[in-house]
Amino acid sequence: MHLFTQDQMGHKPGNRNYEQDIVFVTKHNKWVLRSIGIWPSVLKGAARFLPKIVIGIGNFALLFAIIPCILYIVFEERDIVMKLKLIGLVGFCVTSLLMYLALIARKPKIEDCIEQVQIDWMQIEFPRDRELMLKYGQVGRNLTVLSAVFMYSGGIFYYTILQYAIGTFIDEHNRTIRPVIYPTYSVLFDVQTSPIYEIVYTMHCMCGYMMYSTTAGTCGLAALFATHACGQIDVVASHLSDLVHSEHNEKTSTLDRRFVQIIEHHLRILRFSAAIDFMLREICLVQLVSSTCIICLLEYYCLTDWEQRNTLSLTTYTVLLISLTFNIFILCYIGDLLMEKTSSVGQSCFMIEWYNLPSKTIQGLILVIAMSGSPAKISAGSIADLSLSMFVNILKTTVAYLSILRTSVM
């Protein structure tokens, strides 16, 4: 059985296993994003409205938790430490809602990028190209899985273990108080009566799933697209190295045709990278700002629980802190990787034996080197570029904010 066959449309070598390869690199993203109505759907009939229904339910669940909790913080809660804990909780909810709305607004662009990924896998020419793309596909797959594991683990700790530890208790009015994940404004409804309590608890769990799925799905989507672009860049670099030593270089016309194909491929990658930046810039801005504040608050919660020797709560907030920190690290790492890879094309042009090529081809290589001087980037609202140095700055900022917060509260 041959891996590569002739594509009937373009009469070019095609990847016969492209369907399995696409499933391999997109499976986990599809699971997460389809559950919140973002992944492109091929449903027909009445079922085609299912993603819209999921989106409507998801927005309602988030707002159902956010609005009563904000009212409770403003009008009922008096303890400053508890207010800080609830602000961090509702802040993460608001962040997830904004990111979810941004994903909904960018859904057509997401579909275009997914379609481009499928086309690129379908049009692989050589087994070596497939190996290069699978290498980065594995990286994107691993980053997606790690992000999902960390985010869902933190959510499970907070929504189950911590709530179970709080348990039920009797208040001063001899009423049995059952724990709720998000405190609600008592003027709206009495959450302790049945079946209101069961309904509210179910909605809060749905809100939690939407939050962690949105965060993990966004990170996984960025990993999928950015690592795909990196794999495509390695394919371009591989084809550049073949310009000199390839058996196809017997005729100048063939060499020019192959060089034009490389340039077109490179331009397609740059357009794809620009689409990634356009799709993620608002999401990354919200994530950057909110993560800085929420990580600072989580650090404060950990210090407070450490002083009070509250082991279970300390463990829960530590897991949440690690999850959120790792999530923003993945985004910064992806941005840094894409920037480094797109700038490496110029180095690849210089490292080949360009002096054995015709003068017109050398002039074309100079243009490619010049283009690689402005590498593709993933920006946060076109304000800051995501990179590992940005991640370090975020951690420094959270520590500075933590010092100010401890001084103000104490």
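Here are some friendly notes on the structure, point by point.

1. **The model.** This is a predicted model, in which local features need pLDDT of at least 70, side-chain atom pairs count only at pLDDT 80 or more, and totals for chains, interfaces and linings use all residues. Residues are numbered from 1 along each chain as its sequence is written, and side-chain values use heavy atoms, with hydrogens and water left out.

2. **Where the patch sits.** Helices α2 (50–75) and α3 (80–105) each supply at least two of the patch residues. Helices are DSSP runs of H or I with at least four residues, strands are runs of E with at least two, and both are numbered from the N terminus. Leu101 belongs to α3 and is partly exposed because its relative accessibility is 41%; buried means under 20%, exposed over 50%, and partly exposed in between (1.4 Å probe, protein chains only).

3. **Annotated spans.** The unreviewed UniProt entry marks residues 53–74, 86–105, 143–166 and 313–334 as "transmembrane region"; such annotations may be inferred rather than shown by experiment. In the model, residues 86–105 are 100% helix, with end C-alpha atoms 29 Å apart. Residues 313–334 are also 100% helix, and their end C-alpha atoms lie 32 Å apart.

4. **Backbone points to check.** Most residues other than glycine have a negative phi, and most peptide bonds are trans. Ser194 and Pro195 are joined by a cis peptide bond, with omega about 5°; Pro195 lies in the loop between β4 (176–177) and α6 (196–245). Arg309 has a positive phi of about 55°, sits in the loop between α7 (252–308) and α8 (311–351), and is exposed at 74% relative accessible area. Ser382 has a positive phi of about 60° and is found in the loop between β5 (379–380) and β6 (384–385).

5. **Cysteines.** With a disulfide taken as a pair of cysteine sulfur atoms within 2.5 Å, the count comes to 0. For Cys296, the nearest cysteine sulfur is that of Cys293, 7.4 Å away; Cys296 is buried, at 5% relative accessible area. The sulfur of Cys332 is too far for a bond because its closest cysteine sulfur, in Cys284, is 8.5 Å away. Cys332 is buried as well, at 0%.
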